[in-house]
Amino acid sequence: SSKREWKPLEDRSCTDIPWLLLFILFCIGMGFICGFSIATGAAARLVSGYDSYGNICGQKNTKLEAIPNSGMDHTQRKYVFFLDPCNLDLINRKIKSVALCVAACPRQELKTLSDVQKFAEMNGSALCSYNLKPSEYTTSSKSSVLCPKLPVPASAPIPFFHRCAPVNISCYAKFAEALITFVSDNSVLHRLISGVMTSKEIILGLCLLSLVLSMILMVIIRYISRVLVWILTILVILGSLGGTGVLWWLYAKQRRSPKETITPEQLQIAEDNLRALLIYAISATVFTVILFLIMLVMRKRVALTIALFHVAGKVFIHLPLLVFQPFWTFFALVLFWAYWIMTLLFLGTTGSPVQNEQGFVEFKISGPLQYMWWYHVVGLIWISEFILACQQMTVAGAVVTYYFTRDKRNLPFTPILASVNRLIRYHLGTVAKGSFIITLVKIPRMILMYIHSQLKGKENACARCVLKSCICCLWCLEKCLNYLNQNAYTATAINSTNFCTSAKDAFVILVENALRVATINTVGDFMLFLGKVLIVCSTGLAGIMLLNYRQDYTVWVLPLIIVCLFAFLVAHCFLSIYEMVVDVLFLCFAIDTKYNDGSPGREFYMDKVLMEFVENSRKAMKEAGKGGVADARELKPMIK
């Protein structure tokens with residue numbers, strides 16, 4: 001192992017400066033892509049829209065060579081109107097229709113060409129091709145080609161983007177049908193969608209319930225961490241048993257309910273719900289049995305987690321802003337994703353005008369600049385990982401400050417802000433390097449997943465197995481590197497070393513404490529997983545009860561899946577911070593016990609509760625016959 005002494009919080013120096021410069025240059029490149037697309041007119045074409053002849057709506061245009069109807073003055077025509085807005089190209093994800101610039105969108109449905117003609121005369125908005133006068137709409141033989149498809153649906157302009165969009169979006173239903181390939185019967189899809197639409201208030205209420213439950217669980221973790229483990233264990237067992245029992249009871253009840261008085265459509269929905277209840281009940285039974293067996297095996301180790309949770313609870317008491325870290329990270333990610341999507345839309349409308357096979361204008365990029373798409377995609381992954389890594393470094397820096405401050409009264413006024421300050425001043429290069437390593441693993445995995453989706457049903461069994469194996473291996477490598485990166489950030493926060501040195505030191509510490517990692521860290525993560533399960537089960541059970549007592553017949557499957565997925569994501573966002581704190585505390589504790597022995601001048605930084613936790617862990621490991629090699633020296637806390 002490394003012979004270098006660890007000096008927590010003593011020396012501060014900038015780390016991985018070349019990687020910070022590389023990341024800054026990369027971000028400048030991202031800004032160049034955005035600036036290039038705006039400078040080439042993409043912003044005006046995206047916001048104001050353009051017709052099929054290359055004219056930007058709402059302004060005077062210049063003539064394009066060999067392009068008819070180009071160079072028109074559309075100062076009074078500010079909206080883009082599609083002759084057939086429901087004609088979707090599902091492969092290229094765009095509307096296959098002639099686009100015109102018009103003065104106003106038809107707010108009411110126009111059923112005949114006479115209605116289209118009256119609309120043009122009354123509003124001054126011609127909805128047929130520029131070559132056809134409004135007086136010729138009902139007499140010209142070309143009206144069926146040059147005028148919109150009848151009936152013209154009522155539409156309204158999209159705010160800020162000046163496109164006439166149909167008010168009734170039912171014509172886009174086939175877009176969803178094309179995305180959901182596992183549904184062979186469209187009636188099933190329609191029943192699923194109707195179930196979501198009729199249950200949208202319940203879905204929204206249950207999503208808010210999951211958010212409230214997650215925040216309540218965080219409060220419980222903060223104030224009653226000593227009994228939290230046992231509370232979670234008992235509630236999860238009771239919740240899983242109760243949920244399984246309720247599902248079987250509802251299945252038996254609906255199976256016995258009379259079906260002579262309902263319509264055939266309602267009978268089909270009732271049969272779908274009965275089948276879904278049976279699947280849910282069987283799945284819940286299997287899950288409950290597996291969960292009970294796991295907890296039976298780990299029952300002797302559950303008590304070991306209580307003290308660690310108690311110390312983590314103390315961290316949240318001293319650092320209350322830790323609870324809000326998911327919000328700041330989510331806010332930063334949303335801002336970046338909004339910028340990324342905006343630039344992506346700019347790229348879709350940038351380039352030089354090119355005439356396609358139908359004689360209409362498309363804007364395409366030629367030459368080396370056409371590869372800006374790939375640069376932009378890499379930027380999405382790297383910068384997203386960079387933001388997540390900044391959160392990990394911020395949390396690690398705050399917890400390290402708490403752990404290695406002997407007198408907690410001398411903590412900074414806001415350790416979180418102090419950690420952010422150290423991150424910005426010293427460690428952005430380390431974060432950039434760690435996030436780039438994750439990006440290098442994530443990109444090949446995404447490419448293989450894309451190839452697998454494109455070759456689905458075409459490749460042989462051997463190729464499919466190789467692809468899935470490579471994807472699985474890269475996924476495992478990514479998870480391992482994520483865990484190592486998090487511990488490397490902790491080592492950097494402690495000793496202010498560069499990424500590679502910190503990763504090596506953290507790896508050595510983790511290998512030396514492999515048994516503790518397996519028995520302490522894993523059990524803690526498992527208990528947090530039980531907290532997520534509790535929130536999902538509580539939200540799902542509430543959803544089942546609410547959907548069961550609705551008077552109208554709706555399909556439960558999709559609303560319940562949406563609610564449970566949202567509940568899990570919310571619980572994961574909150575509890576992942578707690579999990580991160582536990583991991584940082586464990587590495588700090590391992591370093592503390594390695595380089596300090598409790599003697600004068602080398603006192604431990606840990607508090608008494610964490611030492612009791614270690615002693616209890618050793619006793620339990622000895623009772624299980626696995627602690628024979630443990631150090632028998634009694635640990636003594638620092639004198640306060």
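Student: What makes the link of Cys 57 and Cys 101 left-handed?

Tutor: This is a predicted model, and in the model the angle about the S-S bond of Cys 57 and Cys 101 is -80°, which gives a left-handed link.

Student: How do you know that Cys 57 and Cys 101 form a disulfide?

Tutor: A disulfide requires two cysteine sulfur atoms within 2.5 Å. The sulfur atoms of Cys 57 and Cys 101 are 1.9 Å apart, and the two residues form a disulfide.

Student: Why is Cys 57 called buried?

Tutor: Buried means under 20% relative accessible area. Cys 57 has 2%, so the residue is buried. Cys 101, at 1%, counts as buried by that rule.

Student: How many disulfides does the structure hold?

Tutor: The structure holds three disulfides. One of them is formed by Cys 105 and Cys 164, with sulfur atoms 1.9 Å apart. The torsion about the S-S bond of Cys 105 and Cys 164 is about -80°, so this disulfide is left-handed. Cys 105 lies in the loop between E4 and helix H3, Cys 164 in strand E6, and the two are 59 residues apart. Both Cys 105 and Cys 164 are buried.

Student: Why is the disulfide of Cys 128 and Cys 147 called right-handed?

Tutor: The torsion about the S-S bond of Cys 128 and Cys 147 is about 110°, so the disulfide is right-handed. This pair links the loop between H3 and helix H4, where Cys 128 lies, with the loop between H4 and strand E5, where Cys 147 lies, 19 residues apart. The S to S distance between Cys 128 and Cys 147 is 2.0 Å.

Student: What makes the aromatic pair of Trp 19 and Phe 436 tilted?

Tutor: Planes under 30 degrees apart count as stacked, over 60 as edge-to-face and the rest as tilted. The count comes to 16 aromatic pairs. In the pair of Trp 19 and Phe 436 there are 45° between the planes, and the pair is tilted. Trp 19 lies in helix H1 and Phe 436 in helix H14, 417 residues apart.

Student: Why is the pair of Phe 23 and Phe 386 called stacked?

Tutor: The planes of Phe 23 and Phe 386 are 25° apart, with 4.2 Å centre to centre; planes under 30 degrees apart count as stacked. Phe 23 lies in helix H1 and Phe 386 in helix H13, so the pair ties together parts that are 363 residues apart in sequence. Trp 19, Phe 23, Phe 386 and Phe 436 belong to one aromatic cluster, which also includes Phe 26, Tyr 375 and Trp 382.

How values were computed
Residues are numbered from 1 along each chain as its sequence is written. This is a predicted model: local features need pLDDT of at least 70, side-chain atom pairs count only at pLDDT 80 or more; totals for chains, interfaces and linings use all residues. Side-chain values use heavy atoms; hydrogens and water are left out. Buried means under 20% relative accessible area, exposed over 50%, partly exposed in between (1.4 Å probe, protein chains only). Helices (H or I, at least four residues) and strands (E, at least two) are DSSP runs, numbered from the N terminus. Rings of Phe, Tyr and Trp (its six-membered ring) pair if their centres lie within 6.5 Å; planes under 30 degrees apart count as stacked, over 60 as edge-to-face and the rest as tilted.
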